[in-house]
Amino acid sequence: MNEKNGKETCPICGGTGWVIPDLPVGHPDYGKAVPCVCQIEKRRKKRLQELLRISNLGALARKTFENFDLNAPHLSPVQRENLKRVYEQAKAFAEDPHGWLVLLGDYGCGKTHLAAAIANHRIRKGYMVLFVVVPDLLDYLRSAYAPESPSTYDQRFEDVRTAPLLILDDLGTHNATSWAEEKLFQILNYRYNANLPTVITSNQWLESIPPRIRSRLMDSDVSTVAEIMAPDYRSRESSGVGIDMLPLLKEMTFETWDTRKNLKKEERENLAHALALAKKFAENPRGWLTFYGTYGCGKTHLAAAIANYRVQKGERVTFVVVADLLDYLRAAFAPNSPVTYDKRFDRIKRTDFLVLDDLGTQNATPWAREKLFQLLNYRYNASLPTVITTVHTPDELDPWLRTRLTDPGRGIIWGIIAPSYRHKRKRRRSA
């Protein structure tokens, strides 16, 4: 740049911003002024500032890979290993962004931190990044229609869909109008076809995302899907479901199972068969496994042992007492609930592995029966691994449930005839 009146001026256009290209006579653009390269750079910087403004990364500027907590004490070994693996995937993407990275997980699990860390890493290296929460993005596009908007809708839409690196946070939290779904599809479809680096975070199941978008997220040639198993960092809950009882039942494993040699032969054999069924199901969970028997007979221990085994294998498991589950669902109707009923119910019914403890002890209101029917009917039709314990015999259960539990094509039901463990301990203390 040359100096003119104390200011730097462009040596090409002399500060006018326009140049006349050296073209042969007869050329269609002969003699026409065009913007100088200095103006093109100014426009690029202006667009960058605009993208950074809507990115709102100021609040997330402190989110880096260096301050991401991989060793939070509330994490299980499996959750910690899973988090480390996703962390390494995000870090590798930040170094060399190609294709798409899709980060899935419950609220507060760390996916936004990792997405922001990618953005901050690229920005520090001098690259342009657009980081935006999906509802904010849609508002940004809508506001272009306002008379006082500094830019047109077409300009904004083009800047978003062609951003060198686009990070969409919280896909699925927007108001799913036809217009919103159409705009998101247009943006993602363009980036998919152009193979532009894109990061997407969502707390939705992939099955809940519109099919047109889901098919692109799941294309392994373009997209890497990484699910974070860690629970909410803010609440420090043990799982994505706030009523999960499994952390309180860690000692209930196959290794700590009491064979109870003092039982009658028939009871011992019955209990040994129950243990064998539980171990087999834990190794290869297909369909349903139901244990029924008196209180304290060991059915909860077997269910927890199966669940703990699956957690060690890296599976997401939800272990809930049915009465607590229904209270948990009802609480979603409260005005101050952090999550809607639909999302809470959907998370339960779709969980990879579900254990329902003490089915039948809940208050059997019409609403409770309807919710349990919806939950179990979905898992029955989807053949999702489910373990159920109950004190009721099959004949005492609702017919709709009995037909599903006793369906040999879906699972196994086994009655434990052994007496209560607690009764045994009580006799020992009184002896």
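Among contacts in the chain between residues at least 6 apart in sequence, what percentage join residues at least 24 apart? After that, please take me through helix 9.

Reply: Happy to! Of the contacts between residues at least 6 apart in sequence, 76% join residues at least 24 apart. This is a predicted model, with a mean pLDDT of 85 for the chain and 89% of residues at 70 or more. Where pLDDT is low, the predicted coordinates should not be read in detail.

The chain has 14 helices and 14 strands, and buried residues make up 51% of its 431 residues.

Now to your helix. Helix 9 covers residues 299-312. Its 14 residues should span 20 Å at 1.5 Å a residue, and the C-alpha atoms at its ends are 20 Å apart, so the two values agree. Eleven of those 14 residues are buried, which means that helix 9 is largely enclosed by the rest of the structure. The buried set includes Lys-299, His-301 and Arg-310, along with the run Leu-302, Ala-303, Ala-304, Ala-305, Ile-306, Ala-307, Asn-308 and Tyr-309.

What does the covering? Following helix 9 comes Gly-314, with a positive phi near 90°.

Note on methods
Residues are numbered from 1 along each chain as its sequence is written. This is a predicted model: local features need pLDDT of at least 70, side-chain atom pairs count only at pLDDT 80 or more; totals for chains, interfaces and linings use all residues. Side-chain values use heavy atoms; hydrogens and water are left out. pLDDT is the predictor's confidence in each residue, from 0 to 100. Helices (H or I, at least four residues) and strands (E, at least two) are DSSP runs, numbered from the N terminus. The expected span of a helix is 1.5 Å times one less than its number of residues. Buried means under 20% relative accessible area, exposed over 50%, partly exposed in between (1.4 Å probe, protein chains only). Contact means heavy atoms within 4.5 Å.
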